[in-house]
Amino acid sequence: MSGGATAGGPAAVGRPAAAGRPAAFIDRDGVINVEVGFLHRIEQFAFLPGAVEALQRMQAAGYLLVVITNQSGIARGLYTEDDYQRLTSHLRARLADAGVRLDAIEHCPHLPDAPLASYRMACDCRKPLPGMLRRAATALHIDLPRSILVGDRGSDIQAGRAAGVGRCWLVRSGAPLSAPDLELADGVFDDLAACAAGLAPALAP
Ligand SMILES: [Mg+2]
Ligand SMILES: [Zn+2]
């Protein structure tokens, strides 16, 4: 990032900071790609049907795209940070092929009782805690009340609530949803595609 430049210019002096942009906070496994359990190999990666188009639609509707993903497989020693980064590069590249730019990808590699000491901590970023969302919100000047979150677990929704995200939705394309999970959400959709269509019906085909 280059320093020095001020986005607001003289007009911003003495006025409240600009409100910022809304974001779509999106869980990865079970929402964007098929949940396979501790995914770390590119050969195992597969987009869920309609997910790429849904991201295109959200981006076109003006949402920053922020992926937020718990990656305790790193703390468990099931795969490494390098494995995770390789898969992330693959995800970014396949989305870029479709004209989708992810504005941020936040991951939590920690676990309180992790086998690997370097990742063993009670962090503030593992969902249901909101650390990843807050980090992205600060970095990208996100307007949280105007933002949305899409996840496939109750812990996703709890993280969104704790961060102050305006609307938090569940999808049925990943983990099985319990009744308490469903209670937490502002809405439930079959998948990210249905979610995006409901979000911006004017942009639907
Ligand atoms: Mg998930
Ligand atoms: Zn963490």
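Over which residues does pLDDT stay under 50? I looked this up before anything else. The stretch is residues 1-12, for which the model has 1 contact beyond four places in sequence. Here pLDDT is the predictor's confidence in each residue, from 0 to 100, and a contact means C-beta atoms, placed from the backbone, within 7 Å.

I noted that this is a predicted model, where local features need pLDDT of at least 70, side-chain atom pairs count only at pLDDT 80 or more, and totals for chains, interfaces and linings use all residues. Residues are numbered from 1 along each chain as its sequence is written, while chains are lettered from A and ligands numbered from 1 in the order in which they are written. The protein averages a pLDDT of 91, and 88% of the residues score at least 70.

Next I looked at the sheet. I found 6 strands in an open sheet, ordered 3-2-1-4-5-6, with parallel pairing. Strands are DSSP runs of E, at least two residues, and helices are runs of H or I, at least four, numbered from the N terminus; two strands pair if DSSP finds at least two bridges between them. The edge strands are strand 3 (104-108) and strand 6 (187-189).

Then I checked helix 4 against helix 5 (residues 154-163). Their axes come within 8 Å and cross at roughly 45 degrees; axes are lines fitted to C-alpha atoms over the stretch in contact, with angles from 0 to 180 degrees between N-to-C directions. Leu133, Arg134 and Ala137 of helix 4 meet Ala159, Gly160 and Ala163 of helix 5.

Notes. Two residues are in contact if their C-beta atoms, placed from the backbone, lie within 7 Å.
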